[in-house]
Amino acid sequence: MTQQPVRDFDFHGEALDNIFETYRDLRSECPVGWSDRYGGFWFFTKHEDIFNAEQDWQTYSVTPSMLLPDLGNVEPMIPIDVDPPEHTHYRRILLPLFTPSAVDELTPFVVQTARELADEALKQDVVDVSHTYARPLPMIVFSSLIGYPPEDWHLFDQWIDRIFARAEDAEDATRASQEVHAYLEALVERRRNEPEIDDITGRLLKAEINGRPITHDELMSYQYLLFIAGLETTAWTIRAGLWHLARNTADQQRLRENPDLIPAAVEEFLRTLAPVQGMARTALKDVEVRGCPIKKGDRVVLAFGSGNRDEDAYEDSDQIVIDREQNRHFAFGVGVHRCLGSNLGRREVVVALREFLARTPLFEAVDPTEQWHGVGPLHIRFVREA
Ligand code: HEM
C-alpha cells in the first residue's frame, strides 16, 4: 500500500512570502504530495511531472475549473475550463485576435500609454508604481481591445481586487463579478448596433463556433475570461519586474544602458516571479506518479512556480539572471491551454519596463516589507541628481 505524503501546502496569499523555500523543500523531500486545503489536492512540484501532465489532457482535465479555489462561477469559463475536442473550437475563435501582427498593431497605443503614465509617476519623488503604472497600463490597453472608455480602467481595477479577494469576502467577490457581467453585457448590447467597430467584442459578435453562430452566453464567457486572465497577470509581472529592479540597482542600470536585454529579462521575471504559481486539473482516471496513488476525480495542482525553479531543469535555478539564454518556463503553460494572450502580455511587460527605464533616473525600493508577489503597493524613490 502506497503511503500518501501529506504536507500543508498552499500557493496563494501569505504562503507566497516564503514559497520559494517551500518549493525547494518539497522538490527534494516530497515532489508529489497531498494538501488538505481547498477540499484537498495533489501537488506536482518537479518540472518533468508538470510538463508531462500539461501534455496529457486525456488524463488531467481542466473541468470543473483550472482555478483552485475557483472564482465561484457556476458555468465553466470558455475556453480555459473546457477540454478538447470542444476546447479546440472555442480556442480557434480567439487565435486571430492575439497574433504577433495584431499585437504589433496595438503596440503604439501601449507605448503612448506607458509614456503618459511614467511621466505622471515621475512628478513625485516617492511613488507607488503598482497603482500608478503596473496596474493602469494593462487595464487601459484592455479598454482599447474590447472597447470600453479608457477612463473606466478604475472600475476594472477595483473589480479585480474584489474578485481575487474571494477568500476574505466571498459575498463581495460575487457582487463584483455580477457588476463585471452587467458592465460587459451593456458593452455587448451597444456593440450589436455598431457593427462597423472592429474590436474584440465586435469580432466575437460575428464569430461562428463549429459552423453555428456564437450564443450570447458563450460570448459573455469569453469576455469575462479575458478580463480575468489578462489584467492581473500582466500587472503582476510589470510590478514584479520593477520590484526586482528597485532592489537590484546594478540590474536596473544594466537594462537602462542595454535595453536590448529587456526581453530576456522579462522572460526571467516570468520564470522566477510568475503571476500564475499553479493551475488545477482533475484526474480522469487512476494514475500513479512518483509512487503516489492519484484516484479518478482527485484534484491535482501543477505548481508552475516550482517547476520554473527546479534545479534539475535550470542552472542556478533560484537566481534571477537577467540575460539567461535557455529559458523555457511554465509562466504561460505548455499544453493545449497555453496562454492565448502571451504575445500581448509579453509585449506589454517589455514596453512597460523599457519606457519606464528610458524616462526615469535611478530608483530604489522604499519599503523592505513589500513582497515580490501580487498587485499591492510598490513604493520606489527616484534618486535625482542635485
Ligand atoms: C504576463 C501575462 C500573462 C500570464 C503570465 C498568463 C498566464 C496564463 C496561464 C498560466 C494560463 C493557463 C495555461 C495552462 O494551464 O496551461 C493562461 C491561459 C490563458 N490566458 Fe494568459 N497570461 C497572461 C496574459 C494574458 C493576456 C494579456 C490575455 C488576453 C487578454 C490572456 C488570455 C488567456 C486565455 C484566453 C487563456 C486560456 C487559453 C486556453 O484555455 O486555451 N492571458 N494564461
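Tyr-38 is partly exposed, at a relative accessible area of 31%; partly exposed covers the range between buried (under 20% relative accessible area) and exposed (over 50%), with a 1.4 Å probe and protein chains only. Phi of Tyr-38 is near 50°, a positive value in a residue other than glycine. The model is predicted: local features need pLDDT of at least 70, side-chain atom pairs count only at pLDDT 80 or more, and totals for chains, interfaces and linings use all residues. Residues are numbered from 1 along each chain as its sequence is written, and side-chain values use heavy atoms, leaving out hydrogens and water.

**The S1–S2 hairpin**

- Tyr-38 sits in the loop between S1 and S2. Helices (H or I, at least four residues) and strands (E, at least two) are DSSP runs, numbered from the N terminus.
- S1 and S2 form a hairpin with five residues between them.
- The two strands run antiparallel, and four bridges join S1 to strand S2 (residues 41-44). Two strands pair if DSSP finds at least two bridges between them.
- Across the pairing, Phe-43 in S2 stands opposite Gly-33.
- Strand S1 (residues 32-35) points Val-32 and Trp-34 one way, and Gly-33 and Ser-35 the other way. All of these residues are buried.

**Iron and the ligand**

- Cys-339 (SG) is the only protein donor of the ligand's iron atom, at 2.3 Å. Donors are N, O and S atoms within 2.8 Å of the metal (3.2 Å for Na, K and Ca); water is not among the atoms, so sites may look incomplete.
- Cys-339 belongs to the loop between helix H13 (304-307) and helix H14 (342-359). Its relative accessibility is 31%, so Cys-339 counts as partly exposed.
- There are 28 residues around the ligand, and Glu-54, His-87, Arg-91, His-337 and Cys-339 come nearest. A residue is near a molecule or strand if one of its heavy atoms lies within 4 Å of it.
- The side chain of His-87 has an N or O atom 2.7 Å from an oxygen atom of the ligand. For His-337, an N or O atom of the side chain is 2.7 Å from a ligand oxygen atom.
- Arg-281 places a polar side-chain atom 2.9 Å from an oxygen atom of the ligand.
- Two or more residues of the shell come from each of helix H3 (86-94), helix H10 (216-247) and strand S7 (279-283). H10 gives the largest share, six residues.
- By class, the shell has 16 nonpolar, eight polar and four charged residues. Ala, Val, Leu, Ile, Met, Phe, Trp, Tyr, Cys and Pro count as nonpolar, Asp, Glu, Lys and Arg as charged, and the others, Gly among them, as polar.

**Cysteines**

- The structure holds zero disulfides; a disulfide is a pair of cysteine sulfur atoms within 2.5 Å.
- Cys-292 is in no disulfide, and the nearest cysteine sulfur, that of Cys-30, is 6.8 Å away.
- Cys-292 is buried, with a relative accessible area of 4%.

**Backbone details**

- Leu-68 and Pro-69 are joined by a cis peptide bond, with omega about -5°. Pro-69 lies in the loop between strand S3 (60-61) and H3.
- Ile-78 and Pro-79 are also joined by a cis peptide bond, with omega about 0°. Pro-79 is found in the loop between S3 and H3.
- Arg-290, a residue other than glycine, has a positive phi near 50°. Its place is the loop between strand S8 (287-289) and strand S9 (292-294).
- Arg-290 is partly exposed, with a relative accessible area of 44%.

**Strand S12 and its partners**

- Strand S12 (residues 379-382) has a covered face, Ile-380 and Phe-382. Its uncovered face holds His-379 and Arg-381.
- Strand S4 (residues 126-128) pairs with S12 in the antiparallel sense over three bridges. Val-127 stands opposite Ile-380 in S12.
- Strand S11 (residues 363-365) runs antiparallel to S12, and three bridges join them. Ile-380 in S12 is the bridge partner of Ala-365.

- Gly-13 and Gly-374 are 361 residues apart along the chain, yet their C-alpha atoms are separated by 8.3 Å.
- Gly-13 lies in the segment before helix H1 (19-29). Gly-13 is partly exposed, with a relative accessible area of 44%.

Definitions and conventions. A polar contact is a pair of N or O atoms within 3.5 Å; within protein, one must be able to donate a hydrogen and the other to accept it, and residues adjacent in sequence count only if both atoms are side-chain atoms.
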